Amino acid sequence: MSRTAFGRPLLPWLLILPSFALALFIICYPVYNIVFQSVHEVSRFGLIKGFCGLDNFRKVFADPIFIASLWRTLWWTLGVVGGTVLVSVPVALILHLDFYGRGVARTIVMLPWSVSLTMTAIVWRWAFNDEYGMVNVTLQRLGFIDAPIQWLATSNWAFPVEILVGILVSVPFTVTIFLGGLSSVPGDIYEAARIDGASTWQQFRRLTLPLLRPFINMAIVLNVIYVFNSFPIIWVMTQGGPSNGTHILVTYLYEKGFRLGKPGEAAAISLVMLAMLLCFTALYLKIQPKAKDGEGA
Amino acid sequence: MRINTSKFRLSLICWLVLSPLVVIILFPFAVMFLTAVKPAEEVFVYPARWLPSVFRWSNFADMWDATKFGVALKNSLYVSLSSTLLAIAVSIPAAYAMARFPFRGKGFYRQFLLVTQMLSPILLVIGLFRLAAMIHWGEGNLVDKHISVIVAYAAFNIAFAVWMMSSYFATIPKDLEESAWLEGCGRAKAVWKVFLPLAVPAMTVTAIFTFINAWNEFAVVYTLIRSDANKTLTVQITDLVAGRYTVEWHQVMAATLLATLPVSVLFAWLQRYLVKGLALGAVK
């Protein structure tokens with residue numbers, strides 16, 4: 001029995017079933033429900049009033065705040081993911097070197113990951129307080145600015161600040177992926193490169209970067225998904241304000257659904273976001289080179 | 001000797017390059033701690049100062065009562081522990097299957113898990129809320145019940161748990177189980193006697209990270225939980241800040257510090273396992 005179980009196609013599926021069923025249930029019903037709500041007129045309390053076709057979508061696309069949030073979401077994703085990768089590559093390279101205090105340095109770099117995004121956002125909201133916050137105090141003490149800056153009261157400042165916080169919290173995860181990638185690179189190829197007289201920069205360009213490539217792609221894809229869906233930072237720091245100037249799609253979706261009492265339109269926004277994510281994933285799968293063993297992640 | 005001085009110089013350069021990032025990372029922790037121990041009357045003084053005149057430790061006790069910290073802490077523990085147990089319980093067999101069997105549909109399941117990662121809770125929050133409102137439970141429905149949050153967390157953590165554990169399980173040599181079969185041990189018994197004891201560390205580490213995920217989650221619990229008695233820490237503390245004219249920042253910072261520190265310490269202790277597990281999962 002024990003040997004033949006290996007060849008039995010049913011057993012692995014039985015083992016997978018519980019997790020599959022749970023995930024399917026929690027994900028499929030809401031997806032179905034969102035599609036359903038998006039084509040119906042829904043009251044503030046969730047009562048279905050009647051089929052309305054694509055009315056919700058029409059309303060959403062005619063809404064200038066939605067269009068502005070859509071563009072801002074692109075900037076947000078691009079800014080946070082781009083910034084994160086740019087910071088994380090050198091940080092990972094350094095943390096891969098053998099130096100005194102590396103363990104401590106790694107732990108410090110990982111720290112933001114352990115803190116809830118919500119808590120991080122609360123602390124930064126206080127730190128960026130215009131009159132009493134420590135950011136203004138420190139910058140003034142160091143002589144960088146003369147008068148306090150109203151960081152969160154204008155969207156021109158608030159949104160870049162939120163992007164910076166977004167980068168800060170995404171770095172640990174990204175560095176983790178890169179470190180994993182670097183540790184899978186065998187050390188002796190560097191030995192060989194050194195013997196062949198390759199400079200450090202050449203080693204980086206010709207060896208490290210190509211070997212790190214799949215991990216960079218991986219990090220970009222996962223980060224795009226996470227950042228695109230990231231809710232707490234903006235919601236806690238500015239709630240999409242001032243005057244809707246920092247809304248991205250997720251925060252606007254939440255506001256529509258639970259503050260403004262328009263679940264139908266919120267569902268439509270969900271679906272638009274879903275479509276964007278699917279397009280992105282499809283694009284990624286298309287440009288990604290096929291994994292050799294046919295089971296690349 | 002020469003090697004040591006060159007390593008010393010390298011260390012100096014490394015720390016120098018890392019220092020801006022290190023400062024920015026530690027900055028919020030300093031803000032949290034120094035605000036939390038400031039006497040209330042010093043928090044809103046202009047120009048503000050970094051250091052408090054005295055360390056007012058009693059802020060923590062005051063905060064505990066004023067913010068109903070104890071209730072929220074209990075809720076956070078209950079929700080995070082239960083969802084972790086549920087997620088791990090369903091993910092162990094799946095991870096074992098992914099690590100040990102070649103089978104049709106493996107690629108499909110992997111893609112499915114990727115999709116569940118893509119459909120984050122916040123995207124589905126409108127539908128999740130309807131789902132909870134639709135299911136009858138006791139006197140009412142599942143809105144404002146912990147069980148709805150627990151099941152949702154468990155479901156959204158499956159991808160991570162399966163990914164982490166299967167990559168660790170794959171590193172446990174198959175020969176050990178196979179030799180147990182040769183000695184007349186059934187497959188199930190071999191798993192129980194040989195495989196599981198070796199897999200305990202991987203399961204523990206995964207469980208702890210799942211716990212931290214649940215502990216830190218915001219959107220689902222913010223949507224599904226309505227009453228103060230059922231709120232978890234993230235929501236309870238956010239409510240102290242959001243939409244208020246006067247915020248007792250020293251209490252808020254004391255609360256964030258207490259809610260954050262234990263998890264940060266746990267995380268700092270375990271982060272190297274994460275590096276290994278995610279890396280294995282990423283390429284395998």
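This is a short tour of the structure, stop by stop, with what to select at each one.

The model is predicted: local features need pLDDT of at least 70, side-chain atom pairs count only at pLDDT 80 or more, and totals for chains, interfaces and linings use all residues. Residues are numbered from 1 along each chain as its sequence is written, and chains are lettered from A and ligands numbered from 1 in the order in which they are written.

**Stop 1: chain A as a whole**

Select chain A. It has 12 helices and 2 strands. Helices here are DSSP runs of H or I with at least four residues, strands are runs of E with at least two, and both are numbered from the N terminus. Along the sequence the pattern is α-β-β-α-α-α-α-α-α-α-α-α-α-α. The C-alpha atoms fill a box of roughly 75 × 75 × 35 Å along the principal axes.

**Stop 2: helix 3 of chain A**

Select residues 64-96 of chain A, which form helix 3. The 33 residues should span 48 Å at 1.5 Å a residue, and the end C-alpha atoms are 47 Å apart, which agrees. The expected span is 1.5 Å times one less than the number of residues.

Now go to A:S88. A kink of about 25 degrees lies there, shortly before the proline A:P90. The bend at a residue is the angle between axes fitted to the seven residues ending there and the seven starting there.

**Stop 3: helix 3 against helix 7**

Axes are lines fitted to C-alpha atoms over the stretch in contact, and angles run from 0 to 180 degrees between N-to-C directions. The two helices are therefore oblique to each other; angles under 35 degrees count as roughly parallel, over 145 as roughly antiparallel, 65 to 115 as roughly perpendicular and the rest as oblique. Their crossing is right-handed, meaning that the near helix is turned clockwise from the far one by less than a right angle. The contact has 15 nonpolar, 8 polar and no charged residues. Ala, Val, Leu, Ile, Met, Phe, Trp, Tyr, Cys and Pro count as nonpolar, Asp, Glu, Lys and Arg as charged, and the others, Gly among them, as polar.

**Stop 4: helix 7 against helix 9**

Keep helix 7 and select residues 200-228 of chain A, helix 9. The axes come within 9 Å and cross at roughly 150 degrees. Helix 7 and helix 9 of chain A are therefore roughly antiparallel. This crossing is right-handed. On helix 7, the residues that meet helix 9 include A:G166, A:S170 and A:F178. Their partners on helix 9 include A:L212, A:F215 and A:N223. Contact means C-beta atoms, placed from the backbone, within 7 Å. By class there are 8 nonpolar, 6 polar and no charged residues.

**Stop 5: the loop between helix 10 and helix 11**

Select A:Q239, in this loop of chain A. A:Q239 has a positive phi of about 50 degrees although it is not a glycine. A:P242 lies in the loop too. The peptide bond from A:G241 to A:P242 is cis, with omega near -10 degrees.

**Stop 6: chain B**

Select B:S91 in helix 4 of chain B. A kink of about 35 degrees lies there, shortly before B:P93.

Finally, show both chains. The contact takes 86 residues from chain B and 82 residues from chain A. The chain B side has 64 nonpolar, 18 polar and 4 charged residues.

Technical notes. Contact = placed C-beta atoms within 7 Å.
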